[in-house]
Amino acid sequence: MTSKIAPANGKILIAPSILSADLFRLGEEVKRVENAGADWLHVDIMDGHFVPNLSFGPAIVSSLNGKTALPLDVHLMVEHPEQFLEPFARAGADLLTVHAEAGNNVSDVLKQIHSLGVKAGVSIKPDTAPEVLSGVLGQVDLILVMSVYPGFGGQSFLPQSPARIRQVRELINSSGRNIWLEVDGGINAETAPLVLQAGADVLVAGSAIFSAGDPVQALYQIKQAAPHS
């Protein structure tokens, strides 16, 4: 398969998270944000072990694959991510992000993701030192910095996040590689400028978009906070 995720190019992207969408009307919700200018679609996968919540399986990705032009950005908040890679790749994931804290050999997992023809990402929780990423900078297409503790949508943005995002941006710049820097957690029109100034270029927003009275307007307002998008 060929991923629809292009190399990082300095453009600011918005990736609505379907964790906060109305699943009864998921197709309609996805089309609304796609028409409103969303760039990717973020899919949070939780196993009830790595984080204290359950969400989706490969079937949700399969149901979206081919029904939307948006790349499917799949975030695996799971133990033993190597067991999940092939099912989600077959389902149509364009990018698979695993956690540095998942207790596995991250380098081997990233190699496996690429072997499946999918872009590879690595994520860190708020308490994880960005330095743990140094050993895999040559293998990743994306780094995801969590600005809330993973597991549930609708949390408030953690104030220490911009400093951590800057550290990760410095690591990316020092690597000389084009790596997307994605931020997820508490992103809205007020916090988006903080993470953009710190060096982020992909913003994941869930409840700020799908729980808003007007999701299209909410997405537009976040885009307005990203003047280079």
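**View 1. Salt bridge between Asp 22 and Arg 25.** Asp 22 and Arg 25 form a salt bridge with their closest N and O atoms 3.2 Å apart (a side-chain nitrogen of Lys or Arg within 4 Å of a carboxyl oxygen of Asp or Glu). The model is predicted: local features need pLDDT of at least 70 and side-chain atom pairs pLDDT 80 or more, whereas totals for chains, interfaces and linings use all residues. Residues are numbered from 1 along each chain as its sequence is written, and side-chain values use heavy atoms, without hydrogens and water. Asp 22 is partly exposed at 32% relative accessibility, as is Arg 25 at 29% (buried is under 20%, exposed over 50%, partly exposed in between; 1.4 Å probe, protein chains only).

**View 2. Salt bridge between Lys 223 and Asp 39.** The side chains of Lys 223 and Asp 39 meet at 3.4 Å, N to O. Lys 223 belongs to helix H8 and Asp 39 to the loop between H1 and strand S2 (41-46), so the pair ties together parts 184 residues apart in sequence (helices, H or I of at least four residues, and strands, E of at least two, are DSSP runs numbered from the N terminus). Lys 223 is buried at 16% relative accessibility, and Asp 39 is buried at 15%.

**View 3. Surroundings of Gln 139.** Gln 139 lies in the loop between strand S5 (119-124) and strand S6 (142-146). With a relative accessible area of 17%, Gln 139 is buried. Residues touched by Gln 139 include Leu 110, His 114 and Arg 177 (contact means heavy atoms within 4.5 Å).

How values were computed
Lists of a residue's contacts leave out its neighbours within four places in sequence.
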